[in-house]
Amino acid sequence: MKSTSKLGRDGRFWGLVMIAPTIIGLMILNIIPFFQTIYMSFSKTKAFGAYQFCGLENYLEMFRNAEFWKANWNSIYFCILTVPVGVFLALIVAVLLNAKIKGKTAFRAIFFLPMVVAPAAVAMVWKWIFNAEYGILNQVLGTNIRWLTDPKIVLVTCAIVSIWSSIGYDAVLLLSGIQNISQSLYEAAELDGASKIRQFFSITLPMVSPTLFVVLIMRLMASLKVYDLIYMMVEQTNPALTSAQSLMYLFYRESFVAGNKGYASAIVVWTVLLIGLVTLVQFIGQKKWVNYEV
């Protein structure tokens, strides 16, 4: 009995040792900086990196700022543009990649390739494609559309690149969910004379809904905190910057360009609350459409 309890204690000890680097890294790189950000959001930046407590002044200034509300709308609009279309296309691609076709392994690699390409390289290629003067897209269409400088369509242009970049990753996740569906369900449906479309809506979609829910949550979070794509696609001298600027882009400008880290921290806290609210709504709503039955 003693040897068994000692073995249990040793197992717990070595288990803690093994997870200690992850826990320490999480504390240093995520948890502690997050609480520091909350504190900074209630402070004003002083000289030499000092901070002075100012209460709700940063938040009041933020809520009175029209640029902040514009960035809010841009972030939400970006979600509306990217999430429904991106998840739908990823689901279609996952279904097609699961079909019995030749070279489907190569197709999976091709669709996943944008995820392993450097974001800077992706942005550079797409900026060439969307260039108003010599871009290949205007050359093919025979138009002179200002894809990246027109305030009305600049965010749509960025959304196209975002969907193209993420569709492969989402499709791979959905494909893993589809492949876990029992083939006996499809065999029974075929015996009953159900068509492929009927099988998709009656079997595939309900059974893959847990994975679809996870993908939806991930894509919503990524879209609400988008920064790098807009930063690389839309330059600071671009006249359409205001129409493309997201909350995280505004945070970057206020923190690292203007040096107003207290106000920038308030933007981050607001973004976290916004993401939390959207995620909460999703978790409440998932009870009506996510099927966890095996």
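Phe213, Leu216, Ile217, Leu220, Met221 and Leu224 in helix 10 touch Thr271, Leu274, Ile275, Val278, Thr279, Gln282 and Phe283 in helix 14. Contact here means heavy atoms within 4.5 Å. By class, this contact has 10 nonpolar, three polar and no charged residues. Nonpolar covers Ala, Val, Leu, Ile, Met, Phe, Trp, Tyr, Cys and Pro; charged covers Asp, Glu, Lys and Arg; the others, Gly among them, are polar.

The model is predicted: local features need pLDDT of at least 70, side-chain atom pairs count only at pLDDT 80 or more, and totals for chains, interfaces and linings use all residues. Residues are numbered from 1 along each chain as its sequence is written, and side-chain values use heavy atoms, leaving out hydrogens and water.

How do the two helices lie? Two packed helices are described by the angle between their axes and the distance between the axes. Helix 10 (residues 209–224) packs on helix 14 (residues 261–285) at about 160°, and their axes are 10 Å apart. So helix 10 is roughly antiparallel to helix 14 (angles over 145 degrees count as such).

Now turn to Asn74. Asn74 sits in helix 3 (residues 66–98). Helices are DSSP runs (H or I, at least four residues), numbered from the N terminus. Is Asn74 buried or exposed? Asn74 counts as buried because its relative accessibility is 3%. Buried means under 20% relative accessible area, exposed over 50%, and partly exposed in between (1.4 Å probe, protein chains only). Beyond its neighbours within four places in sequence, Asn74 contacts Leu155, Thr242, Ser243, Ala244 and Gln245.

Ile19 belongs to helix 1 (residues 2–40). With a relative accessible area of 43%, Ile19 is partly exposed.

Conventions
Helices (H or I, at least four residues) and strands (E, at least two) are DSSP runs, numbered from the N terminus. Axes are lines fitted to C-alpha atoms, for helices over the stretch in contact, and angles run from 0 to 180 degrees between N-to-C directions. Angles under 35 degrees count as roughly parallel, over 145 as roughly antiparallel, 65 to 115 as roughly perpendicular and the rest as oblique.
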